[in-house]
Structure formats: C-alpha cells, structure tokens
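Student: Could you take a close look at the salt bridges in this model, and tell me where their partners sit?

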Amino acid sequence: MVSGEFESMKALHGASRELTPEPIAWGTFAQADHVHFFLCEFVDMTDDLPDVEASMKMLAELHANSSSPNGKYGFHVPTLQGTIPQFAEWTASWEDFFTKSIKLVFENEEQSQGPDEEVQHLCKETLSKVVPRLLRPLETGGRRIEPRLIHGDIWDGNTSTNVETNLPVIYDATCIYAHNELELAPLRPVRHRMGKQYVKAYFRHFPISPPEEDQDDRNALYCLRWDMNCSTLYPGNLRYRKMCVEVMKYLVEKHSDGYEGWARAKGEEVVSR
C-alpha cells in the first residue's frame, strides 16, 4: 500500500510540483515487518475546499503534461483504492483496460456483499453493452484519447489549500495512467462537497473527449466503478450497492443496443474487439 502511494505521489510531484507535497521515502520497520511507513513533505493546510477554478486548472495542466511512459494504460506498481488493489496492468486499449478494471471491482464487491441475481445480471449487461457503447467510440471513427496520469481519488477528503502559497494541494493518491475523465468520477456523488462546479471548471481547461454528448454517461460509468469499490469496503452495508443498481439500470436501459447499434445509427463502421 505505502509503496503504491509513494510511487503515485512521486509521479504526480514530477508532473506538478506546486499541486503536490514532495514524497520523501517509504519503508518497513526493521523490528516490525508488518508495519510500514510513508514520509512526505509537511504542508500546512486550511480546512477549506480548494478554489474551484485554480484547482481544476492545475489538475487539467497535470493531465496535459503527463503522458504514459509507454503509451499504455496502467501503472508500474500496484496501487490501491482504499485497501483494495486496483487493476493496473499495462494495457494498450482504454476499453480493454477499463473492462478488466471494473470487472475486478464487480468481483470484489460480490465477495464482500454476497451474490445477488439482479446485481449479477446488471454487471453482465454493463460489461457487454454499456462499456463498449460508451468507451469504444473514444478510440474509433477517427477519435483518439491518450493515457494521462490521474490522482485516482480526487474528492474533498484528499484536497485542500496550502496555507503558505494559498494554492490547491492534493495528496493520498492511487495513480494510474487512464482516460483523464476518470479523474472526475468522485466529483459526481452528491454526498461530496466537491461536485459539478469543479467538473464544469475542469472542462474549461481540458476539452471534453468526443463524442461530447456521451460525457455525462461516461462519468456515471466511471463513478459506478468508484461506488462499487466503496461498497466493497463496507461489508454488510448495502447503501452503495443500491445506488449502483439504480445507475446500472439507467445505463443498461439507455444503451440497450450497445456499441453496434450506436455505430450503425451513426453510419460508422462497426469495430470489433
């Protein structure tokens, strides 16, 4: 866990020194090999949310200036969402990477909360119809995206304002190189204080990926991955699972024709994966 955070913060600090504290070291206690530590620069922070425009401008610049070292999606060490390892193996296609990532999240959630026929059906439909419908168009029809370094857990618990510089600061990262819009997933839930105003500000500095009309549904899909992981973290608490069921119902019904139906309706060549 701490090695993943160290490498995450090291990568982020290399891309944006003003936005992140400098990581110093990580390791294991010599006389307690089950105890590990992560050491970074001390930053005195306020209790306030970061400025909307400044934080999203700096985040967009971080994404713009941090392409994948090998052109693939993933990360060079395992990173965790909470206490749960996330999929981070290098993968050439974003659709393939995200499919493997959210499939692992679905499997982890079922192990935590137990099997449910409705959830199993919706997860299957999400993988077979919704993911291809919303993600394949990003990389076909002359459109393309690039893997960008993302923090992976941007919400009001991992952001603040530097007292000395009055600039935004982000920390507690779980990095991967991903579609940059994945970064905005935790800004969707209404339970968070950082919300739509931050998303709108972000897109003033980093253009929405085409097809632009799919952005909100992509955000819902990306947030589904985030909320299902939250469900995994709290066995016996079905609050997050219930929210995820409603999101999957909406996405599966809206995109019931899948990618192939969309491509034919748009007059685009159907690309198989």
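Tutor: What follows goes through the salt bridges pair by pair. This is a predicted model, in which local features need pLDDT of at least 70 and side-chain atom pairs count only at pLDDT 80 or more, while totals for chains, interfaces and linings use all residues. Residues are numbered from 1 along each chain as its sequence is written, and side-chain values use heavy atoms, with hydrogens and water left out.

The structure holds 20 salt bridges, each being a side-chain nitrogen of Lys or Arg within 4 Å of a carboxyl oxygen of Asp or Glu. One of them pairs R136 with E95, with 2.8 Å between the closest N and O atoms. This pair links distant parts of the chain, 41 residues apart, since R136 is in the loop between α4 (117-135) and β5 (148-150) and E95 is in helix α3 (residues 94-113); helices (H or I, at least four residues) and strands (E, at least two) are DSSP runs, numbered from the N terminus. Both R136 and E95 are buried, where buried means under 20% relative accessible area, exposed over 50%, and partly exposed in between (1.4 Å probe, protein chains only).

In another salt bridge, E268 meets R143 at 2.9 Å, N to O. E268 lies in the segment after α8 (258-266) and R143 in the loop between α4 and β5, 125 residues apart. Here E268 is partly exposed at 23%, whereas R143 is buried at 16%.

E213 and K266 also form a salt bridge, their closest N and O atoms being 3.7 Å apart. E213 is exposed, with a relative accessible area of 54%, and K266 is partly exposed at 49%. Finally, salt bridges that share partners join E95, R136, E139 and R273 into one network.
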